[in-house]
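Hello,

The structure we discussed is below. My notes on what was found follow it.

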Amino acid sequence: MIRTPVLNKTHLLLSTKDPKLTEFDLRLKEQECLSLLKRCKSMEELKQVHVQILKVGLFWDSFCAGNLVASCALSDWGSMDYACSIFRQLEEPSTFVFNTMIRGYVKDVSFEEALLVYYEMIERGIEADNFTYPALLKACARSLALEEGMQIHGHVFKLGLEDDVFVQNSLISMYGKFGEVKHSCAVFEQMDQKTVASWSAIIGAHASLGLWCECLMLFGDMSSEENWRAEESTLVSVLSACTHLGAFDLGRCTHGSLLRNISGLNVIVQTSLIDMYVKCGCLEKGWRLFQNMAKKNQLSYTVMISGLAMHGHGREALRVFSEMLEEGLVPDDVVYVGVLSACSHAGLVSEGLQCFNTMKFEHGIKPTVRHYGCLVDLMGRAGLLNEAFKLINSMPIEPNDVVWRSLLSACKVHSNLELGEIVAKNIFQLNSRNPSDYLVLSNMYARAQRWEDVARIRTEMVRKGFKQTPGFSLVEVKRKVYKFVSQDTSHPQCDDIYEMIHQMEWQLKFEGYSPDTSHVLLDVDEEEKRQRLKAHSQKLAIAFALIHTSRGSPIRIARNLRMCNDCHTYTKYISIIYERDITVRDRYQFHHFKNGTCSCRDYW
């Protein structure tokens, strides 16, 4: 129920207007009290003004009482208990006072009580207005009260406020918080007049669901429709979209917009920029931003450590971690996931084990399944498959499918089919619905030319309704992101792309490149295998980029699956022949190809 009791027993609340004061004197006293209210900086000062208001007899004036409630409920130093006590003494509180109480409870993170005030407002016949609903809808969103939010949406229609831009923006945000992006879009499309906040709300709604392409399309529509000056929250959502899509050029433009529109970027925005640069393949820029930060927090260090890990700079990540400890920042379990991942990507086995022990015994952090997963990945990459298997069996917590999957992937890389079958059996017993588990085992059988087992696994996938996720590559060209799937022939410039592939292969022959057909795990002849290799999504993306970008400009590609050995070798040669820096981000890490070498040092 709504909180009450601080003033309800005080005799002062029974005061009436002083009969000696004229109406003019009362107005002067009222202005004086309101001026004092504005200058209050603590509850003690507010209580003194409250006493003055009671003595003069102005408490029953709705305007004065409303300002008293607002000062108490909405100030950083205020008290909702005290505001509620004042509110309970008002015989006929106005819409303004009810709105103030709702806003105060939302500010106080008391969302249920905000809704109770609204219900009381309805019961007492006080009509809500367009200032009532933005805070109320925020309370619904924050308290995960979708049903109540939809009922309030109905009230908005009944009162004829569905065209109010502030209410519409709040509805877009609320539905977005619940993942009901269709409702958000329906409200947005019905708006006659959109504001910057409207665009920010709809872009944020899509960002909360990870609809990154839609975020960028909406941002493009916003930029072209009006000369809008985007809000900070909008630009942060766009940055997140660029981060996930690997859209470096657009991310860099968004950085420019932030610098032009916002004076003094806060730590959160700076950290988002670092995250965008490192995940778009520009580690150097992210590193410079990190170094130039006036104040770093735990999240900043976590992002930088994880970024260095993704780029294969394990020792640098450990140095940044040491710097973090020297700054007096206490590491948490998330930071240690980044540290262990850094050791894994760089093959630092002894360092990783040492960090794991430090985490447990020095910092008192209980290892989670993610930490054990990093250790298994660390050992698996280094070829310590039996040790990784023993670690899983000795874990004090139940290993999940992710931990087993790390070992299965390592078994595939190191061609250990015997252990791979045991690991796969453990995954299947967990009723995993991930088709990649079946595909990895199928591919291991194919490499061993056990075609009957391949057919058995594929049949099992079909029986269970699993579908293979097609491999795709994203490449950014002239601030647009293009998607290619393996064996793709649907692109409008398909003929040009395959002609470029033909020219690339002709050049590759002179450099000594020979297709590694062992990675085509199908029972077909060598010619068919070579044809399938040439149309891998990464090669199509590189060909498209070579056609449409100027000589010497870098190429950045993001993949949804791990890169195969043939594409890795192929890209190293292309970086020499066409004198291009090529950055590829797959599901696990970054590969920077330059002058025929890769930053991973062929360790992935």
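How many helices and strands does the secondary structure of the chain come to? There are 30 helices and six strands, counted as DSSP runs numbered from the N terminus, with helices being H or I of at least four residues and strands E of at least two.

Before the rest, some conventions. This is a predicted model, in which local features need pLDDT of at least 70 and side-chain atom pairs count only at pLDDT 80 or more, while totals for chains, interfaces and linings use all residues. Residues are numbered from 1 along each chain as its sequence is written, and side-chain values use heavy atoms, with hydrogens and water left out.

The C-alpha trace spans about 105 × 55 × 50 Å along its principal axes. Of the 604 residues in the chain, 50% are buried (under 20% relative accessible area, 1.4 Å probe, protein chains only). The accessible surface is about 29,900 Å², and carbon and sulfur atoms hold 50% of that (Shrake-Rupley method, 1.4 Å probe).

Among contacts with a separation of 6 or more, 65% are between residues 24 or more positions apart; a contact means heavy atoms within 4.5 Å.

On cysteines: the whole structure has zero disulfides, a disulfide being a pair of cysteine sulfur atoms within 2.5 Å. For Cys 40, the nearest cysteine sulfur is that of Cys 72, 9.9 Å away. Cys 40 counts as buried at 8% relative accessibility, and Cys 72 is buried with a relative accessible area of 0%.

Regards
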